[in-house]
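Student: I would like to learn how to read this model feature by feature. Where do we begin?

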Amino acid sequence: MNASAPVVGAEHLSKWYGQVIGLNDVTLSVPPGITGLLGPNGAGKSTFMKLITGQLKPSKGSVTVLGEPIWGNPALYFRIGFCPEQDAFYERMTGLEWVTALARLNGLSESDAAATARRGLEMVDLLDAADKKIGAYSKGMRQRVKMAQALAHEPQLLILDEPLSGMDPIMRRKTIRMIKEWGRAGKSIIVSSHILHEIESMTANILLINQGRILAEGNVHQIRDLIDEHPHTVYIKADQTRALARAFLAHDDVLSLRFEDQAVVVQTGRPDAFYARLTDLAASGELGAIHEVTSPDDNLQAVFQYLVKT
Amino acid sequence: MSARRTTPSLTRSAARILDLSLGQMLWSRRSVFLGLLLGFPVLLAIALRTIDILYRSGMWRQVNGVKMGGAAIFGMMIWLLYIRFIVPVLGVFYGTSLIADEVDDKTITYLFTRPIPRSAVLLGKYLAYLVCTILLVLPSVMIVFFLIVPIAGGSIAAAFPSLLVDFGMLAAGLAAYGAVFALVGTRIKRPLIVGLVFAFGWEPAVLLFPGYLKRLTVAYYLQALVTHEMPQDSAVSLLMQVFREVPSVSVSLAALAVIIAGTLWSASRAVEHKEYVLEQ
């Protein structure tokens, strides 16, 4: 498998549970590097994660991981590490015992597995608590020990399902930094979340998923381009909002307009032209001072919300 | 480490699952509960021994009108309490939950995303069940043996060889019932109910009547392995003696081996192909 080959490929991939569709005709390829899978709860993220980790069999279509089908192919798990979303453990085991036991399932001897487990726990900054029972771990520690078992055997592809869930802000920042470091070290990582700023802080390469379909894929700029084909919202805080509104309505690219407290919110179909005119108006000062111009679409959160609403 | 590698063998993988699962199984709430169940024969043995000491063995001549030694009482307890009740109960409660427990606890994900055959998870947990239940049953049977056999002047030394046979029979029973209920647990919805109906409805019912149906039970093959003589003078025991068709020991052992291998193979196939959808 060459270095630029997709780490995950799906062709018309569908999964349904009885009458309920979990994933609907998804075709995509995930490039090497860090990729964020974004979607609200119930969007199909978990189904997608289970399909690419071989826990579920496609109802229709196909999925390949590192160039091979994953369902019924246990040898592929040498090259994959999976950190599931669920908070489930053998609570009576210590972190070290648990990660060692799982590393042994990768065919390692007891001593090699213990060394591998220690390395994994060190990578998630949990070596100090390695001999504590998992039942006594905090939520953040439990998240980290899950990650340790996923990466201890040095997989080529790490699949992390909501890894930041339940972490405090400091640990969250640490984990994001770790994930980025692993990415820089050459690992491919697929990380899911329903919170955009988490993903945004890890990678620009995202997959947006909703109602079992991939809404968009690519880097932030490509998704912004996609957004630009759709109505774009601009929030303008100014002294003379009504005069500004009259000026905006003279142009047909303004689709809608509403007033908020000392501000006017405009929806435009041609953001570039709109911003050019707005800059001219602000520079001339004809319609009073313009204090603040922001676009809810300027950050990824709004892009995500915008897309999933469509 | 990410170079192409082959998965560890089924037996090696199963051994590692056994290692991982045994401690969890031994210290589970289920084991505590079933450990208490195994305390019942011990309490009964203590009561019988106390009566023996108090009444100087005289009352044992009154049971069914024939003299019963401690070895015969022990044999009855092995058959009626252990083989016909405790062993099936252990088989049902552990066997049907080998995979279900991991699914309910949502820990199955960690095992199914490792480079081992899925069937190794079932086989490893089955082996853990066998070790766990033998460790639970063994002390109970030993205590009962030492309490009951000396009753009415019975000799522990003389009865000891039959104790070893009893252990073998109990192990065979645990292995066979565990395998059957592992299959029930992997292939059938509501496995606990189905398992209990099989063990305490189907088996006792068909064993009472002549015909071929009793061959579809585990108990039919286990009874051939019983070495103890039972008192036979009551109407019920005489009736049972008429209908009692016991296969030879070799046939029974072969049949039990086929039952264990066949049901485990079928259960393994089910685990290999089944999707386990964990509730979010």
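**Reading the two chains**

Tutor: Of the 280 residues in chain B, 42% are buried. A residue is buried if 20 or more other C-beta atoms lie within 10 Å of its own, exposed if 12 or fewer, and partly exposed in between, with C-beta atoms placed from the backbone. This is a predicted model, in which local features need pLDDT of at least 70, side-chain atom pairs count only at pLDDT 80 or more, and totals for chains, interfaces and linings use all residues. Residues are numbered from 1 along each chain as its sequence is written, while chains are lettered from A and ligands numbered from 1 in the order in which they are written.

Student: How many helices and strands does chain B have?

Tutor: Helices (H or I, at least four residues) and strands (E, at least two) are DSSP runs, numbered from the N terminus. Chain B has 12 helices and 0 strands. Its pattern along the sequence is α-α-α-α-α-α-α-α-α-α-α-α.

Student: What share of the contacts in chain B with a separation of 6 or more joins residues 24 or more positions apart?

Tutor: Two residues are in contact if their C-beta atoms, placed from the backbone, lie within 7 Å. In chain B, the share is 86%.

Student: At what angle do α8(B) and α12(B) pack?

Tutor: Axes are lines fitted to C-alpha atoms, for helices over the stretch in contact, and angles run from 0 to 180 degrees between N-to-C directions. Helix α8 (residues 156-187) and helix α12 (residues 249-273) of chain B pack at about 25°, with axes 8 Å apart. That makes α8(B) roughly parallel to α12(B). Angles under 35 degrees count as roughly parallel, over 145 as roughly antiparallel, 65 to 115 as roughly perpendicular and the rest as oblique.

Student: Is the crossing of α8(B) and α12(B) left-handed or right-handed?

Tutor: A crossing is left-handed if the near helix is turned anticlockwise from the far one by less than a right angle, and right-handed if clockwise. The crossing of α8(B) and α12(B) is left-handed.

Student: Which residues meet there?

Tutor: From α8(B), they include Ala172(B), Ala176(B) and Leu183(B); from α12(B), they include Leu256(B), Ile260(B) and Ala267(B). The contact of α8(B) with α12(B) has 14 nonpolar, 3 polar and 1 charged residues. Ala, Val, Leu, Ile, Met, Phe, Trp, Tyr, Cys and Pro count as nonpolar, Asp, Glu, Lys and Arg as charged, and the others, Gly among them, as polar.

Student: What do the buried residues of α12(B) pack against?

Tutor: They pack against α7 (118-148), α8 and α10 (219-222) of chain B. Among the buried residues of α12(B) are Ile259(B), Leu264(B) and Val271(B).

Student: How many residues does each chain give to the contact between chain B and chain A?

Tutor: Chain B gives 26 residues and chain A gives 29 residues. On the chain B side, α1 (10-26) and α6 (108-112) are the elements giving two or more residues. The largest share, 4 residues, comes from α1(B).

Student: Where is Arg190(B), and what is its phi?

Tutor: Arg190(B) is in the loop between α8 and α9 (191-207) of chain B. Its phi is near 50°, a positive value in a residue other than glycine. Arg190(B) counts as exposed because it has 10 C-beta neighbours inside 10 Å.

Student: Is His153(A) buried or exposed?

Tutor: His153(A) counts as buried, with 27 C-beta neighbours inside 10 Å. His153(A) lies in the loop between α4 and β7 (157-161) of chain A.
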